[in-house]
Amino acid sequence: MRPISELPRAEAEGLDGLLFDLDDTVLDRGQLSEAAYAALFRLRECGLRLIAVTGRPAAWGEVLARQWPIDAAVTENGAVAFTRSDGVMTRHDAAPEGERQRRRALLAQVVASIAEDHPEVHAADDVGGRISDFAFDIAEHHRVAPEVVRAVSALAHEHGARTHSSSVHLHITFDADDKATGVVRLINMLWGTDPTLARFRHAFIGDSENDGSCFAAFRTSIAVQNFSGRPTVGPRYLTRAARGQGFAEAAARLVALRGK
């Protein structure tokens, strides 16, 4: 990884937008700092589209799309997105309602099996706002040993489910999306951008293993200093500061290079 200070001007000027993770990237252990929030306004002022791309629930995404200076929020690791136009919120779910209900029923069975075999794991405190997945708290309020996380993941896989691990949660789902496929689909729908071109015209900043699909998909990929995990393809650039301060550092570099 190269320091963010080495990001070239031409690369920054060629961007249409910035995609960003929430937990431990923009948020500092769940809290939004003034520096990170202000950075969003500066990024918009320099002409960048802004899309939150998170494992957090759909309910969070609706609030973010309503209140933050962003163009959209992609939630639940790519499955459900929200946009706002003329004050009207629109939810984008790739699964038709009947299929969504079928997957939710299957998910409930898997979660019940996990709870029976692993009573030591706890549901995340945001599961009530989720549509496509179920999240177990592995590092937010409850610390779960890595071997237990692996065992829970293996059990979910035995039931045909997929898993994503973030810095705070283990997600169980029957959706095929990841963060990259979900946000690229949304970019194409909103602006008609060819999926291949979108990967060169948008930067991504994140911190953990469930950001791996975006680190691999987008040419301009950035990690904050607290980056963890072993994604197949790592980020190209790294900030000196961690979490929200790192996000603000990356934003300042992009704004300065774009000169607007």
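Predicted model: local features only at pLDDT ≥ 70, side-chain atom pairs only at ≥ 80, totals over all residues.
Local features need pLDDT of at least 70 and side-chain atom pairs count only at pLDDT 80 or more, while totals for chains, interfaces and linings use all residues. Residues are numbered from 1 along each chain as its sequence is written, and side-chain values use heavy atoms, with hydrogens and water left out.

Helix α9 covers residues 243–258; helices (H or I, at least four residues) and strands (E, at least two) are DSSP runs, numbered from the N terminus. From first C-alpha to last, the 16 residues of α9 reach 23 Å, close to the 22 Å expected at 1.5 Å a residue (1.5 Å times one less than the number of residues). Among the buried residues of α9 are F247, L254 and L257, where buried means under 20% relative accessible area with a 1.4 Å probe, protein chains only. After α9 comes G259, with a positive phi near 65 degrees.

Now to the open spaces. A pocket is an open set of points on a 1 Å grid over the protein atoms alone, where a 1.4 Å probe fits, with protein on both sides within 12 Å along at least five of seven lines; lining residues have an atom within 4 Å of a point. The largest pocket is lined by 16 residues, and H164, S165, S166, E209 and N210 lie nearest its centre. Strand β11 (162–165) is one of the elements that supply at least two lining residues, and its three residues are the largest share. The second largest pocket has 15 lining residues, with D24, R29, A139, S167 and V168 nearest its centre.

Conventions
Buried < 20%, exposed > 50% of the residue type's maximum accessible area, 1.4 Å probe, protein only.
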